[in-house]
Amino acid sequence: MAEKESISLHEKVGDDGVPGGEGVPHDAKFEKRVLRKIDIRLIPILGTLYTIAMIDRSNISVARISGLDEDVGLAVGDRASVALLVFFIGYMLFELPSNMIIHRVGAANWISLIVFAWGLVSMGIGFLNNWVALAVLRSFLGVFEAGFYPGCVYLISSWYKRYEVQKRLATFFMTGSALSAFANILALGLIQISKVHPTYKGWRWIYIIEGIMTCVAAVIAWFVIVDFPDSDRNTFLSLEESAFVRARLADDRGSEDREKVTWAIFVETATDWKVWSFALMYSAGAVGVYAFLFFLPIILRNGMGYSQDLAFVLSAPPALFSVVEGMFISWLADKMRLRGVFVIVQGLVAIVGLCMTGFVKNPAARYAGTFLGEAGVNGLVVTTLAWQANNLRGDAKRACATAFMIAVSGIGGIYSSLVFRQQDAPDYIPGIIAVMAICIAAVIAACISILLLKWENKRADEGKKTIDGLADFRWTI
């Protein structure tokens, strides 16, 4: 669509009954202004909250090298693995139910509520005295965080056309990665409070202060977050702009009515081979993300021999590099309208980086490997999210498939918690090999998916198949 041409959606806007909508052309400048308004109200606040979610679920790694292990007896046997994996049980179980009700309750209401709840839980961890209480509270943390990430992905993918969405999903996800990269430096500052108030050790202040920050952010978010495009709660767009958004989305993927997630839709989603393939690719990225979140500071401190302060500081640059690399890949993927080839590239980058981190002897070279490793696994996550979102039609199936994919990735969190065992510290070589193995599986799954989707598109071009009930719809490769 050339920028100088009018966007041929004005008739559809008029059909929505908007005063003045009939016959009013909307040029590229109008479209860009509307998209900018959506971007400003949607992406920054969700990215900020995702940063907080990443910090609150992963700050156990810096707490462990700040006295948590000794105070609650976490370093004994498999206690650390248990405390990590219980988070993912509730996280997996409550993702789909959350996506089933977020549309009904309202995105701002629901997201703000669960963020406030997990902020209280995070704050409570700062006052516990044994590892069992830690495990219990982390399980509640998983329950409350369960609805946030799939809800955000569902909300973002509902507002944008198919080849606009990866840049937005990448910005959302990479904002969390970029800002949470500084969480360890923030934690380093927070543990200094213990020198002024020695009643609580440094790790306790990490949880207490960050929990308070989460609750404050939840209150602010309630005033900022927008709802779904079909909701009457949205007041930041005019009637004309709102109708225009709905019309351009219908033009991109066919008209969609708001639907409830029924048992039939759940079964349809669960039996779709594409959903399982995307879930495997996404899980590979999630396994790597969790591995670096939970264990990189420990590997830097105890495996590579850096001081505690350096271990905090050196955790940030690899995450920042992954943001730059991921944003470039996302821009290129949207421009080329391709997904699968970039999943393969990101998987290979991750495998090379993990090899360097695990098997190179020189500490500087191992550290360089963490840059490639983090970039690869983070890129797997955002590219797979966009690939699945591009190949979904129907509001209910989008809600169901998004929650399904992210819930299955919770198995990846349990997987990373179990393969990085205490007895393998400080280098965790078996864990690194396990992450490489699932990345290899993701690359294979992407290759097979590309071939199958191309075959189905070819059959549709030949008139032998109608894809998803829409004659002109084709799978994104």
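This is a predicted model: local features need pLDDT of at least 70, side-chain atom pairs count only at pLDDT 80 or more; totals for chains, interfaces and linings use all residues.

Visitor: What radius of gyration does the protein chain have, and what would a compact globule have?

Guide: The C-alpha trace spans about 70 × 45 × 45 Å along its principal axes. For 477 residues, a compact globule would have a radius of gyration near 23 Å, and the protein chain agrees with this, having 23 Å.

Visitor: What percentage of the residues in the protein chain is buried?

Guide: The protein chain exposes about 18600 Å², of which carbon and sulfur atoms supply 65%. Taking buried to mean under 20% relative accessible area, the share of the 477 residues that is buried comes to 60%.

Visitor: Which element gives the most to the lining of the largest cavity?

Guide: The search of the whole structure finds 5 cavities of 30 Å³ or more, and the largest holds about 270 Å³ of space. Helices H2 (28-58), H3 (60-72), H9 (165-180), H10 (183-190), H15 (273-303) and H19 (363-390) each give two or more residues to the lining of this largest cavity. The greatest contribution, 5 residues, is that of H15.

Visitor: Which residues of that lining lie nearest the centre of the largest cavity?

Guide: The lining residues divide into 12 nonpolar, 8 polar and 2 charged. Of the 22 residues that line the largest cavity, those nearest its centre are Ser180, Ala181, Asn184, Phe292 and Leu293.

Notes: Residues are numbered from 1 along each chain as its sequence is written. Side-chain values use heavy atoms; hydrogens and water are left out. On a 1 Å grid over the protein atoms alone, a cavity is a set of points where a 1.4 Å probe fits but cannot get out, and a pocket is an open set with protein on both sides within 12 Å along at least five of seven lines; lining residues have an atom within 4 Å of a point. Grid points are joined across faces, edges and corners, and a volume is the space filled by probe spheres set on the points. Helices (H or I, at least four residues) and strands (E, at least two) are DSSP runs, numbered from the N terminus. Ala, Val, Leu, Ile, Met, Phe, Trp, Tyr, Cys and Pro count as nonpolar, Asp, Glu, Lys and Arg as charged, and the others, Gly among them, as polar. The radius of gyration is taken over C-alpha atoms; the globule rule is 2.2 Å times the number of residues to the power 0.38. Buried means under 20% relative accessible area, exposed over 50%, partly exposed in between (1.4 Å probe, protein chains only). Accessible areas come from the Shrake-Rupley method with a 1.4 Å probe; for residues, only the protein chains shown count as cover.
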